[in-house]
Amino acid sequence: MTSTASPVLVLGGTGTVGSRIASQLASQGIPTLIASRNPPSTSAPSHVNFDWDDPYTWEPIFLGKSSSSKSTTAEQDQQRSKSQPVPQPIKSIYLIAPPSLTGDRPMIEFIDFARSRGVQRFILQSASSIEAGGPLMGKVHAYLRELGQRGEVEWGVLRPTWFQQNIAEQPNHKESIRSESKIYSATEGGKIPWVSADDIASVAVRALTAEDAPNTEWMVLGPELLSYDEIAEMLTDILGRKIVHVDLSSAELEKRHTRFGMPEEYARMMSAMETAIKFGAENRTNDVIFSVTGVAPKKFRDYAMSVKDVWETRLQEMGIEGKA
Ligand SMILES: NC(=O)c1ccc[n+]([C@@H]2O[C@H](COP(=O)([O-])OP(=O)(O)OC[C@H]3O[C@@H](n4cnc5c(N)ncnc54)[C@H](OP(=O)(O)O)[C@@H]3O)[C@@H](O)[C@H]2O)c1
C-alpha cells in the first residue's frame, strides 16, 4: 500500500501544525484537503467542513463534497459542494484531537468510518507526555497500534513535545509577554526540548506520504533543552526589556488556563502535564527530526527572532518600547 500521490486529508488543518502540513503538501503538489469547522483565513488547498461532534459532516468528505453543518439546508449544502471540488479517493489522514477529554470516542468512530470508505493510512498527532493507552490521544494511539498489528491499517503516531509556537501564538503567553513582560508556568526550572511546528509538520508529511508508513510512534523533540527561565532570558535579550518567568502552582495554572477559556477538566490535565516538567518529564532530546527529514531541527531563538513583533505591539502602544 502506498499513498505517495493520493489525496491527504488533514483534520485540524487550519491549526498550528495542520496548516503547516497542508502548505508543505501543497508545495509538493500533493492533493490536500484541509478539514475544520471554520475555513482558513488565507487562501489554501481545498477546505472541507468537518466537526468531530457532528458525524453529519463526515460522509460528504468521502463522497467528494463538503457539507456545511446540521443547521444548513440541503440547498445550501448543494451550493457549497458545487463550489468545492474534492479529489478522491482519500488514502491517508492526519488526525488532530478535539480539545476534550472524551475526544477519543469520536476519533475512534471516525477512524472506523474512514476505513470503511477505503482509507489505508492514519497518522495521529499525540503528545510526548501521553503514552499509548493514556488519556484522549493515548487511547486512539493504542487503537491504531492494535489495528496495525493485525495488518488492518498503515499507521504512525507523532508524539511532539511542547511547541515553540506556544510562546507567540497561545493567548496566555502572547498577551502576558506583551502587556506584563511576564511568562507564567508551573514548571519551576524543568527543561523542555521545545519543538518547532514546522519540524513536526515535516515529519508528518513524511509519515503521510512515504512509500512505507512508520507503523510505530515517533517522539518529536527539538534540538535543545530550555527551561522557562532560559526562555525568559532569551526574550529579554531579543526584546530589549526584562521578561520575567513567574512560577505558579499547579492549581494556579489550572485557574489561569480556565480564565483563557480552556474547559475545566482539560485545564487540569494540561496543568498536571506542565507540573510534571519540573520533575524532569521532558528532560530529553533525540534525533527523530533529522533522521526522518534529513534537516536539522529549528532552534527556539531563531523562531523567537522571526516573530518578535508579536510581543512588542502592546508596549509600543503604551509608549514604553525597549525599556528594561
Ligand atoms: N501546543 C503544544 O505544545 C502541544 C504539544 C504536544 C501535543 N499537542 C497536541 O496538539 C494538538 C493541537 O494541535 P495544534 O496546536 O496544531 O492545533 P490548534 O492550533 O489548536 O488547532 C486546532 C485545529 O482543530 C480544529 N478543531 C478544533 N475543534 C474541532 C472540532 N470539534 N471538530 C473539528 N475540528 C476541530 C480547529 O479548527 P476549528 O476550530 O475551525 O474547527 C483547528 O484547525 C492537541 O491535541 C494537543 O494536545 C500540543
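**Note on the ligand site**

1. A polar side-chain atom of Gln125 is placed 2.8 Å from an oxygen atom of the ligand. The protein covers 81% of the 910 Å² of accessible area that the ligand has on its own. These values refer to a predicted model.

2. For Gly15, a backbone N or O atom lies 3.2 Å from an oxygen atom of the ligand. For Gly12, the corresponding distance, again from a backbone N or O atom to a ligand oxygen atom, is 3.3 Å.

3. Around the ligand there are 26 residues, of which Thr14, Arg37, Asn38, Gln125 and Asn166 come nearest.

4. In its composition, the shell around the ligand comprises 11 nonpolar, 12 polar and 3 charged residues.

5. Where does the ligand sit? Its place is the largest pocket. Domain 1 (8-160) and domain 2 (163-193 + 223-283 + 299-324) both contribute residues to the shell, so the ligand lies between them.

Notes. Residues are numbered from 1 along each chain as its sequence is written. This is a predicted model: local features need pLDDT of at least 70, side-chain atom pairs count only at pLDDT 80 or more; totals for chains, interfaces and linings use all residues. Side-chain values use heavy atoms; hydrogens and water are left out. A residue is near a molecule or strand if one of its heavy atoms lies within 4 Å of it. A polar contact is a pair of N or O atoms within 3.5 Å; within protein, one must be able to donate a hydrogen and the other to accept it, and residues adjacent in sequence count only if both atoms are side-chain atoms. Accessible areas come from the Shrake-Rupley method with a 1.4 Å probe; for residues, only the protein chains shown count as cover. On a 1 Å grid over the protein atoms alone, a cavity is a set of points where a 1.4 Å probe fits but cannot get out, and a pocket is an open set with protein on both sides within 12 Å along at least five of seven lines; lining residues have an atom within 4 Å of a point. A molecule sits in a cavity or pocket if more than half of its atoms lie within 2 Å of its grid points. Ala, Val, Leu, Ile, Met, Phe, Trp, Tyr, Cys and Pro count as nonpolar, Asp, Glu, Lys and Arg as charged, and the others, Gly among them, as polar. Domain bounds come from an automatic or database domain assignment.
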